[in-house]
Every structure is written in C-alpha cells, then in structure tokens.
Amino acid sequence: PSLMTTIDAIHTVDVRGSSGYGPAGDDGNGLYPSWRRYLEQVIEEEEEWDFFGRWHVLFETTILERDVFERVYRRMTDLLSHCPEERRLIHGNIGYNNVLTQDGMITAVLDWQDAGYGDPLYDVAQLDLWDPGGGWAGRFFDRSTAQGRGVTSYDERIRCYQLYTVLNALRFFAKKGDEGA
C-alpha cells in the first residue's frame, strides 16, 4: 500500500512549470514534443555520444535479433492509439530497488535519472513487468476503480508501455553483453 500511495503522489506533482514529454533534460523540460514521439523513438539510432549511440550494429554483433525487435516494436506502435497524451510526472524506474523504507513506510524515493513526463500508467506497467508476481497492474486498476477514477484502455496502455520497456531492455542488455539477462 505504501508503494501505491507513493506512486500516486509522484503522479500528482504539479508539472505546469515545465513542458515536453519523456525524460527530463537539464532544464527540467521533457525532451520530446509528444508522449507518442518519445515511445516511437526506441527503434531509432541515437547520437554517437549517447548511451545507445549507433546501436543498430548490435543486430549484427550480439544476440539481439532484428526481426524479433521489429515485431515487438510493431505491436507496441499498434497499441499507441490507446495511449493518451497525458502529461504527469513519472519516475521512470520505480520499484523496491529505488525506495527506502522504515516501519513499512516509504521514506525516500531514489534514482530519478529516468524521471520525466507522460502517462502515469507507464510507471505501473514497468513495476508490473519487473515484478510479475506482484500483480501491480491489477492492483492499480482496482484502486483506480474503487476511487471512482475510470481509466480508459487500461490493458492496452499497460501492454504498450511494457513492450516499450522490453525493447529498451533488449537494447540495454545487448549493449552490455549480458546474454543471461
């Protein structure tokens, strides 16, 4: 319950003093003009100096399979029509590995490196993906319903954001040479 309350609190922070979507840049604004654009860019190569840089070489030099990556990407983009251009603060990597607790309560949220702006279900989808036994997507849906907050296209949005996360993880682990992951 404490984690759910904390995530809800993150998503209600006033972000009117900033603009943009996706990860926040040094100026506190999102780096993309839309939420959709942020998600779509996962297939594109980046500037050479960025972490992933010219990462398409990974299709030839690692276990990363282009056809699998592109198939998952197409499924993700098919689901984008269900995703609203909602702009809320998102942590981008929330979970038990990024919180401190005392007496069953969260006392601090750590690692804001991936923080930015977008659909709050993005955080829920990631938490549910990385902790599949936790049933987080179902818990948040039940909580939203009980609080009278209807959420449209819930399952489609969760799946879309999980597919985005999987694509990013595939790139990350291929670049790190971590075949086991």
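Me: Why is Cys-83 called buried?

Reply: In this predicted model, Cys-83 has a relative accessible area of 11%, and because buried means under 20%, the residue falls in that class. Cys-83 is placed in the loop between α4 and β3. Leaving aside residues up to four places away in sequence, Cys-83 touches Arg-157, Cys-160 and Tyr-161, where a contact requires heavy atoms within 4.5 Å. The C-alpha atom of Cys-83 is separated by 21 Å from that of Ala-169, which is 86 residues apart from it along the chain.

Me: What makes Trp-55 and Phe-69 an aromatic pair, and why is the pair called tilted?

Reply: The ring centres are 5.1 Å apart, and the rule asks for centres within 6.5 Å, so the two rings pair. Their planes make an angle of 55°, and since stacked requires under 30 degrees and edge-to-face over 60, tilted is the term that remains. By this rule the count comes to 15 aromatic pairs.

Me: Which parts does the pair of Trp-55 and Phe-69 tie together, and how do you know that Trp-55 is buried?

Reply: Trp-55 lies in the loop between α2 (35-40) and α3 (58-61), whereas Phe-69 belongs to helix α4 (residues 66-79), so the pair ties together parts that are 14 residues apart in sequence. Trp-55 has a relative accessibility of 1%, and Phe-69 has a relative accessible area of 1% as well; because the limit for buried is under 20%, Trp-55 counts as buried, and so does Phe-69.

Me: What makes the charged end of Arg-139 sit over the ring of Trp-136?

Reply: The charged end of Arg-139 is 4.6 Å from the centre of the Trp-136 ring, and the distance part of the rule asks for CZ of Arg within 6 Å. The charged end of Lys-175 likewise sits over the ring of Phe-51, at 5.5 Å from its centre.

Me: Why do β2 and β3 stand at the edges of the sheet?

Reply: The open sheet has four strands in the order β2-β1-β6-β3, with antiparallel pairing. β2 (30-32) and β3 (88-90) each have a single partner strand, so one side of each is left without a neighbour in the sheet. From one strand to the next, the twist averages 40°.

Me: How do you know that β1 and β6 pair?

Reply: Two bridges join strand β1 (residues 21-24) to strand β6 (residues 116-118), and because at least two bridges are required, these antiparallel strands pair. In β6, Tyr-117 is the bridge partner of Gly-22.

Key: Residues are numbered from 1 along each chain as its sequence is written. This is a predicted model: local features need pLDDT of at least 70, side-chain atom pairs count only at pLDDT 80 or more; totals for chains, interfaces and linings use all residues. Side-chain values use heavy atoms; hydrogens and water are left out. Rings of Phe, Tyr and Trp (its six-membered ring) pair if their centres lie within 6.5 Å; planes under 30 degrees apart count as stacked, over 60 as edge-to-face and the rest as tilted. Buried means under 20% relative accessible area, exposed over 50%, partly exposed in between (1.4 Å probe, protein chains only). A charge sits over a ring if NZ of Lys or CZ of Arg is within 6 Å of the ring centre and within 35 degrees of the ring normal. Axes are lines fitted to C-alpha atoms, for helices over the stretch in contact, and angles run from 0 to 180 degrees between N-to-C directions.
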